[in-house]
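Here are a few notes to read alongside the structure. Please keep the 3D view open as you go.

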Amino acid sequence: FILEGYESSEEGFTALENKFEYFDLILLDGLFFEKKGQERGTEDESGIGSAIAKINELKARKIFPWFVLSGKDKFTKGENTFLIANKAECYDKTNPSDVERLFNDMRSAASEQPDTQLKHKFYNLLEICSDEILGKKNYSRLMDLIKHVEDDTRINRGEDMLTSMRKIIEGLFSTLGEYRIIPNEIIGSKGWINGSSRFLLGNHSDYNINKEIIPSIVAFNIQKILDVLQDGSHAYGSLKYKVDSYIKDSRSDYFLRSCIYSLFDILVYFKTFIDDNSNKKINQTKWKLSEHNISIHEGLIAQDEKGNYHCDDYYLRYDYVRENYSIGDKIVITQEDVNTNRKTMNYYSKYAIKFKLS
């Protein structure tokens with residue numbers, strides 16, 4: 001058991017709403033505060049009354065087994081109206097055998113919860129949703145995927161599933177950036193999702209890999225699942241594979257299930273990998289910026305009164321900037337030359353051959 005305690009029903013149920021899937025059951029004291037910030041000595045039975053009412057209200061979303069533990073005679077020996085109305089027993093915390101019976105009863109009740117059974121079955125997968133790696137938002141997404149693959153009925157909402165999977169991959173890449181497993185400069189830059197995948201494959205043009213980051217088969221699977229997710233989570237535009245249409249027209253959900261299981265395999269691998277590679281300084285020794293991508297100058301893209309794009313005294317090619325960047329973007333210039341453009345050379349002495357978002 002991991003007990004997470006709160007002094008008032010208001011605070012406790014706020015936490016429950018924020019981490020709904022985390023909790024398996026609810027343990028109530030006899031006397032506690034109803035509202036946050038109540039002064040000591042003002043607690044009464046209204047706290048447990050409002051808590052039981054809230055538990056009943058939540059039944060539409062999830063049924064939580066709940067128990068009451070108290071040392072007060074009016075709960076353990078007397079007739080309490082709230083407990084009688086809800087046919088609930090109060091365990092006596094002054095009686096060791098009663099406390100032992102309570103924990104056995106809680107364990108039994110939790111083991112019958114469908115969500116709890118999935119937590120145990122997929123424990124090694126859900127571990128990656130710790131606060132240090134993927135966090136509670138992705139825990140909800142992952143549990144939703146687990147419930148779909150465990151259900152015998154056909155998986156619907158294919159596009160929604162693929163979008164959730166893509167967001168989990170994005171969360172994973174962000175975490176890899178925090179640990180400097182992937183250069184943090186890649187994270188959040190233009191095209192960073194595909195850039196992160198290319199880096200893990202070892203073919204990012206801006207970086208040289210000194211030591212293999214992850215096994216090539218894992219990097220390959222990430223690239224392939226991203227091809228599917230990027231295509232399938234968009235309904236319009238230039239779609240290479242038309243994944244969403246294929247899923248809707250398919251006579252089975254095997255393809256969608258195979259994508260989900262591929263993601264599961266990647267996540268289980270990375271939980272152990274991140275645990276074993278949490279030293280940022282060591283991680284940074286495995287890669288370095290390519291020599292031709294070492295920063296020469298950093299600045300903002302601007303446009304003069306004649307329409308020319310520039311970064312300080314560097315002239316930037318008009319068509320390339322117009323198609324790929326915006327005025328005000330911060331860029332790093334990595335390769336330069338003398339500006340020989342007759343129309344602009346008197347204004348900008350240098351020409352930026354290669355540059356990228358900072």
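1. Which residues does Ser 196 touch, not counting residues up to four places away in sequence? They are Phe 173, Ile 182, Ile 186 and Ile 187. Bear in mind that this is a predicted model.

2. Now place Ser 196 in the fold. Ser 196 sits in helix 10, which covers residues 192-201. Its relative accessible area is 0%, so Ser 196 counts as buried.

3. Turn next to a pair of helices. Helix 8 spans residues 135-150, and helix 13 spans residues 254-276. The two pack at an angle of about 130°, and their axes are 11 Å apart. Helix 8 and helix 13 are therefore oblique to each other; the cut-off for roughly antiparallel is over 145 degrees. Their crossing is left-handed.

4. Look at who meets whom. Helix 8 brings Leu 142, Leu 145, Ile 146, His 148 and Val 149. Helix 13 brings Arg 257, Ile 260, Tyr 261, Leu 263, Phe 264 and Leu 267. Sorted by type, the residues of this contact are nine nonpolar, one polar and one charged.

5. Check the length of helix 13. It has 23 residues. From first C-alpha to last it reaches 33 Å, close to the 33 Å expected at 1.5 Å a residue.

6. Finally, see what is hidden in helix 13. The buried residues include Arg 257, Ile 260, Leu 263, Phe 264 and Leu 267, and these five also meet helix 8. Also among the buried residues of helix 13 are Leu 256, Cys 259, Phe 270, Lys 271 and Ile 274.

Conventions: Residues numbered from 1 in each chain as written. Predicted model: local features only at pLDDT ≥ 70, side-chain atom pairs only at ≥ 80, totals over all residues. Heavy atoms only, no water. Axes fitted to C-alpha atoms, helices over the stretch in contact; angles between N-to-C directions. Helix = DSSP H or I, 4+ residues; strand = E, 2+ residues; numbered from the N terminus. Parallel < 35°, antiparallel > 145°, perpendicular 65-115°, else oblique. Left-handed = near helix turned anticlockwise from the far one by under 90°. Contact = heavy atoms within 4.5 Å. Nonpolar A, V, L, I, M, F, W, Y, C, P; charged D, E, K, R; others polar. Expected span 1.5 Å × (residues − 1). Buried < 20%, exposed > 50% of the residue type's maximum accessible area, 1.4 Å probe, protein only.
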